[in-house]
Structures are given as C-alpha cells and as structure tokens.
Amino acid sequence: MVLVLVIGDLHIPTLTHDLPAKFKKLLVPGKIGQIICTGNVCDKETFDYLRTIAPEVHVVRGELDENTHFPLSLTIPHQSLRIGVVHGQQIVPAGDADMLAALARQMDVDVLISGGTHRFEAFEFEGRFFVNPGSATGAWSGLWNGEATPSFALMDVQGPVIVTYVYQLVDGEVKVDKVEYRRPDPPKESIDTSGAGRAEVPAGW
C-alpha cells in the first residue's frame with residue numbers, strides 16, 4: 001500500500017498566503033509516502049514545505065511556477081499502474097473529458113492527474129481514471145470568476161485498485177468523500193488450435 005498526496009494550484013504567495021490551517025494539521029510527516037503536485041506551487045518555500053511532508057515529491061510546471069526546471073509532464077509507475085501527470089494547460093477547453101482521454105492514450109497511462117481548473121474532479125472514462133485535485137488553497141480562478149473550494153486528494157494505491165479520498169474545506173469544515181477505481185482486466189487471449197496465433201476478444205468487451 002502506498003499513500004499518495006495529490007495536490008496543486010497552491011498559488012503561494014501570488015494569490016494567497018498559505019494553505020488552510022485545517023489542511024496543514026492533516027498533512028503531517030510520516031504518513032504520506034509520495035506527493036504528486038499538478039503545479040503552480042509557486043515559490044521555493046512552498047516546495048520545501050511539501051518536501052517536509054513526504055520523502056518523494058513529483059511536480060509538473062504550472063504557468064506561474066518560479067522553477068522552470070519542473071517538467072511539463074511526468075509518467076510515474078505505481079506497481080502495475082502507470083500514472084501520468086500534467087498541469088492542464090495542454091487541455092483545451094480546460095478539463096474537457098475527451099481531451100483528457102486523448103492525452104491519457106498518448107501518454108499510455110491508466111491514471112491521468114491534471115490541474116489548472118481549481119475544481120476537484122475524479123471520474124472513470126474509457127477504462128481510465130482521471131483526477132484533478134483542485135486548488136489546495138482555494139485560489140481565485142478566472143475560469144469560474146471567483147475563489148474555488150479548497151481541496152486536495154489522498155490516493156491509496158493497492159495494486160490495480162486506487163481508493164481516492166478527497167478533502168474539501170466547506171463552510172470552515174473539512175469534508176471527506178471517497179472514489180474507487182479498479183483498472184479493467186486486459187482481454188484474455190484464447191487458445192488458437194489452428195496454429196495461427198490469433199488473439200480473440202471475449203464477448204461483451
């Protein structure tokens with residue numbers, strides 16, 4: 001079991017000064033094995049803070065990040081799963097499911113994590129899983145012309161299964177919801193008695 005913090009669009013200090021205090025109480029060292037950040041950290045101090053929470057931190061570059069060495073995309077193997085990470089500037093219109101699915105196919109990943117919209121989403125589409133952790137600080141977004149609901153996600157990776165817990169700060173209280181994804185089993189190859197080596201897709205796929 002690996003516990004992964006999925007977080008992004010913090011925009012510290014450009015749009016806000018800090019993470020919500022109730023989130024910081026939850027994000028303590030020793031429990032989280034890995035952090036995946038969708039970008040817009042935006043400064044070194046915030047990046048250093050993330051490194052105090054987990055020993056392994058992966059960040060992709062948002063349009064406002066000071067660190068230009070952050071990559072635009074990442075592919076992270078997790079046991080039998082491949083997880084892709086982008087900030088989301090590649091997706092037009094922002095958050096579009098068809099465009100996300102096309103990028104996931106291009107990156108050949110089972111799970112695609114993206115940000116940029118400042119709005120949490122977790123859904124299964126075309127057999128793949130898509131997660132947007134939203135903005136951990138609830139930073140203002142031009143897409144919605146206002147502040148977003150502060151949110152982040154914790155992913156519990158168990159082989160081909162990911163249990164995602166989303167934390168949202170609603171009316172000053174932390175609300176937690178759960179979403180589960182299981183990677184579909186690949187089609188089984190039938191035994192070819194003709195010797196041609198033909199693979200058949202089972203009925204119903």
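Here are some notes on the fold of this predicted model.

1. Ground rules. Residues count from 1 along each chain as its sequence is written, and side-chain values use heavy atoms, without hydrogens or water. As the model is predicted, local features need pLDDT of at least 70 and side-chain atom pairs pLDDT 80 or more, while totals for chains, interfaces and linings take in all residues.

2. Overall make-up. The protein chain has three helices and 13 strands (DSSP runs numbered from the N terminus: H or I of at least four residues, E of at least two). Of its 205 residues, 46% are buried (under 20% relative accessible area, 1.4 Å probe, protein chains only).

3. The six-stranded sheet. This one is open and mixed, in the order β3-β2-β1-β11-β12-β13; strands count as paired if DSSP finds at least two bridges between them. β3 (57–59) and β13 (173–182) each have a single partner strand, so one side of each lacks a neighbour in the sheet. Inside, β1 (2–7) runs antiparallel to β11 (151–158) over five bridges, and Val-4 has Met-155 as its bridge partner.

4. α2 (44–53) lies across β1, β2 (34–37) and β3, at about 145 degrees to β3 (axes are lines fitted to C-alpha atoms, for helices over the stretch in contact, with angles from 0 to 180 degrees between N-to-C directions; contact means heavy atoms within 4.5 Å).

5. The five-stranded sheet. Also open and mixed, it reads β4-β5-β6-β8-β7. Six bridges hold the antiparallel pair β4 and β5 (81–86), with Leu-74 partnered by Val-85.

Technical notes: Buried means under 20% relative accessible area, exposed over 50%, partly exposed in between (1.4 Å probe, protein chains only).
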